[in-house]
Amino acid sequence: MPTLTDRRHDWKFVLELYRLDPDGEDGEQIANAKVKSDFDPIVEAARFELLKRDPRPFMQIGAEPACVEPVWHELLGEPYVESIRVVVSPHDASPAECLAPTAFFRVHAEAAAAKLISEGVLDPEEKFRYLVTAYARDTDVIAKQPAFTIEPVAQDLHLEPKSLTDLFHRSRPMGPVRDDEVPVFVPQFILDECCERLHATGAAETGGILLGQLAFDPESHRLFLEVTAQIPAQHTQQELTSLTFTPETWSAVDAAIRLRGSDEMQLGWWHTHPAREWCKNCPEENRRVCKRSGEFFSSDDAALHRTVFPRAYSVGLVISDSYASGLTFPMFGWNRGLVEQRGFHVLRD
Ligand SMILES: [Zn+2]
């Protein structure tokens with residue numbers, strides 16, 4: 001008998017899109033766009049808080065019912081939304097929450113704007129902005145939704161107890177490291193392996209899967225990720241600037257995990273941005289001043305990350321080589337339901 005309720009459908013979110021004047025002031029409202037949002041990334045983030053709060057060697061995560069609700073805008077008030085709050089309530093512990101910014105809806109706003117451009121309402125050169133509103137659904141609609149959703153994705157996690165102090169001693173930070181983030185450690189030899197693949201594949205993007213362990217420090221109770229291997233995706237359908245993983249990749253990854261027998265799991269993925277190759281045909285004088293770098297997550301990269309690496313701890317490492325910045329290793333990961341750049345620590349071999 002379910003005693004807890006999964007409440008993700010109680011609110012209807014609507015975006016108000018406004019044209020921006022050339023001087024950046026709000027112009028007329030041009031559309032209302034109903035959002036069919038999937039709040040899973042924020043639910044994941046809230047569940048991750050449970051893990052961070054009390055890491056233990058054996059944990060199960062993913063079955064806690066979630067409640068999604070708007071936090072009203074401080075100045076504009078209801079129905080304008082300042083952030084989205086997701087509360088997860090495990091049956092045996094106090095609830096945990098995640099507050100996601102309205103930037104969570106940016107992809108929806110961009111999709112709505114693209115539609116307006118195709119309809120000729122918005123000019124491709126014009127700027128727009130959006131406000132998020134929320135309205136309580138009537139109880140009829142809520143009643144039609146399942147009151148309790150059985151989540152088939154509950155995950156059994158084995159967390160390795162390990163000293164964080166030692167890892168910090170043996171590593172150097174790379175990229176925008178934040179203190180409130182779960183630290184990620186990547187050995188130098190893995191970066192080297194990825195670079196070798198970058199140089200071997202020329203203009204095509206290549207990539208692979210990052211394996212490793214979710215671990216916690218028994219003294220500080222801090223959770224962290226340690227990458228221990230990378231499995232190159234031998235069977236990707238490569239095109240010049242995009243990468244997809246095929247079923248063959250996944251069977252190779254499963255086989256590697258079994259073979260290595262060290263209780264590793266998929267922590268994320270890596271892929272290359274051979275920006276130097278993208279600029280190969282540009283004249284030398286242009287290249288010298290070219291600002292084009294590969295240090296970004298494209299919308300395709302973000303979409304792949306959302307679909308294939310939805311866990312709150314999943315990371316995506318980019319191996320970028322450009323005239324502008326040389327060889328760099330920007331890492332991306334989840335932050336409050338959004339995919340953003342983050343830092344990590346490079347472990348000396
Ligand atoms: Zn990419």
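Predicted model: local features only at pLDDT ≥ 70, side-chain atom pairs only at ≥ 80, totals over all residues.

## A helix to start with

The expected span of a helix is 1.5 Å times one less than its number of residues. H2 covers residues 106–118, which is 13 residues. From its first C-alpha to its last it reaches 18 Å, close to the 18 Å expected.

Which residues of H2 are buried? They are Ala 109, Ala 112 and Ala 113. Seen down the axis of H2, these buried residues fall within an arc of 100°, so they line one face of the helix. An α-helix has 3.6 residues a turn, so residues three or four places apart point the same way. On the other side of H2, you will find Ala 111, Ala 114 and Ser 118 exposed. The buried residues pack against three strands: E1 (11–20), E2 (26–34) and E7 (128–136). Just after H2 comes Gly 120, with a positive phi of about 80°.

## The whole chain

Now zoom out. The chain holds nine helices and 19 strands. Its radius of gyration is 22 Å, close to the 20 Å that the globule rule gives for 349 residues, so the chain is as compact as a globular protein of that length. Along its principal axes, the C-alpha trace spans about 60 × 60 × 35 Å.

Of the 349 residues, 33% are buried. If you take the contacts in the chain with a separation of 6 or more, 70% of them are between residues 24 or more positions apart.

The chain is divided into domain 1 (11–156) and domain 2 (160–347). Their centres, taken over C-alpha atoms, are separated by 27 Å. Where they meet, 17 residues of domain 1 are in contact with 14 residues of domain 2. On the domain 1 side, helix H1 (40–53) and strand E6 (96–101) each supply at least two residues. H1 gives the most, with nine residues.

The largest nonpolar core has 68 residues. Among those with the most contacts inside it are Ile 42, Val 86, Val 186 and Leu 225.

## Another helix, and one valine

Helix H9 (residues 299–308) has the buried residues Asp 301, Leu 304 and His 305. Seen down the axis of H9, they fall within an arc of 100°, so they line one face of the helix. Ser 299, Asp 300 and Thr 307 are exposed on the other side of H9. The buried residues of H9 pack against strands E15 (315–322), E17 (331–335) and E18 (338–342).

Strand E18 is also where Val 339 is found. Is Val 339 buried or exposed? A residue counts as buried if 20 or more other C-beta atoms lie within 10 Å of its own. Val 339 has 20 other C-beta atoms within 10 Å, so it is buried. Not counting residues up to four places away in sequence, Val 339 touches Phe 297, Ala 302, His 305, Arg 306, Phe 332 and Trp 334. One of these, His 305, is a buried residue of H9. Ser 251, 88 residues from Val 339 along the chain, has its C-alpha atom 26 Å from that of Val 339.

How values were computed
Residues numbered from 1 in each chain as written. Helix = DSSP H or I, 4+ residues; strand = E, 2+ residues; numbered from the N terminus. Rg over C-alpha atoms; globule rule 2.2 N^0.38 Å. Buried ≥ 20, exposed ≤ 12 C-beta atoms within 10 Å, placed from the backbone. Contact = placed C-beta atoms within 7 Å. Core = buried A, V, L, I, M, F, W, Y, C linked by C-beta atoms within 7 Å. Arc of directions from axis to C-beta. Domains from an automatic or database assignment.
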